[in-house]
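Here's a quick tour of one protein chain, for anyone new to reading structures. Take a look at the model first, then work through the points below.

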Amino acid sequence: MMILPDSKNMTAYGSVLKCRIARLRGKPMAVVGDPRLRYGIVLAKSYEAKRYGVQTGDVLWQAQQKCWDIVFVSAHYDSYLKFPRLSKKIFSHYSDRCESLGLDESWIDLTDCTHLFGDDKVIATDLRQKIKTNWVSLPR
């Protein structure tokens, strides 16, 4: 099960930023490398940007041609590293069987937990809310 603060609307990197920066919510945005260091490409994009055809690996000018109002934000790796740690800590309250794969995916085995916490939809809703609440309150 992959749980993001608002997994209906964005990718994991975008989730981290949109959860913390309200002005980005609902806007097409892309996490980008540093153009001065010749890393001026799209590293991750929101679903809003994806609808315009923006793709990971696009050069910034290409992304802007596809989506003229796209918002480019710099990568914040320190923030991305906090997210999986926070998620795993919250997941551990439900099950000791949780795994992280990279920065943006986590699995939690709830096989023996539903009788304690409710069905999978109830648990997923609760997890999303706890992650969002705890993430917003983390120091920046």
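Starting at the N terminus, the elements of the protein chain come in the order α-β-β-α-α-β-α-β-β-α-α. That gives six helices and five strands, where helices (H or I, at least four residues) and strands (E, at least two) are DSSP runs numbered from the N terminus. Keep in mind that this is a predicted model, where local features need pLDDT of at least 70 and side-chain atom pairs count only at pLDDT 80 or more, while totals for chains, interfaces and linings use all residues. Residues are numbered from 1 along each chain as its sequence is written, and side-chain values use heavy atoms, with hydrogens and water left out.

**The chain as a whole**
- Of the 140 residues in the protein chain, 39% are buried (buried means under 20% relative accessible area, exposed over 50%, and partly exposed in between, with a 1.4 Å probe and protein chains only).
- The protein chain exposes about 8400 Å², and carbon and sulfur atoms supply 54% of that area (accessible areas come from the Shrake-Rupley method with a 1.4 Å probe; for residues, only the protein chains shown count as cover).
- Take the contacts (heavy atoms within 4.5 Å) between residues at least 6 apart in sequence: 48% of them join residues at least 24 apart.

**Inside: the nonpolar cores**
- In soluble globular proteins, nonpolar side chains tend to be buried together.
- The largest nonpolar core here has 12 residues, including F83, F91, Y94, L110 and I131 (a core is a set of buried Ala, Val, Leu, Ile, Met, Phe, Trp, Tyr and Cys residues joined through side-chain atoms within 4.5 Å).
- Two elements, α4 (77-91) and α6 (120-137), each give two or more residues to this core, and α4 gives the most, with four.
- Another core lies apart from that one and has nine residues, among them A30, L60, C67 and I70.

**A closer look at V54**
- V54 sits in the loop between α2 (47-50) and α3 (60-66).
- Is V54 buried or exposed? V54 is buried, because its relative accessible area is 1%.
- Beyond its neighbours within four places in sequence, V54 is in contact with V42, K45, A49, A63, K66, C67 and I70.
- V54 and Q65 are 11 residues apart along the chain, and their C-alpha atoms are separated by 9.1 Å.

**I41 in its loop**
- I41 lies in the loop between β1 (29-32) and β2 (42-45).
- With 34% relative accessibility, I41 counts as partly exposed.
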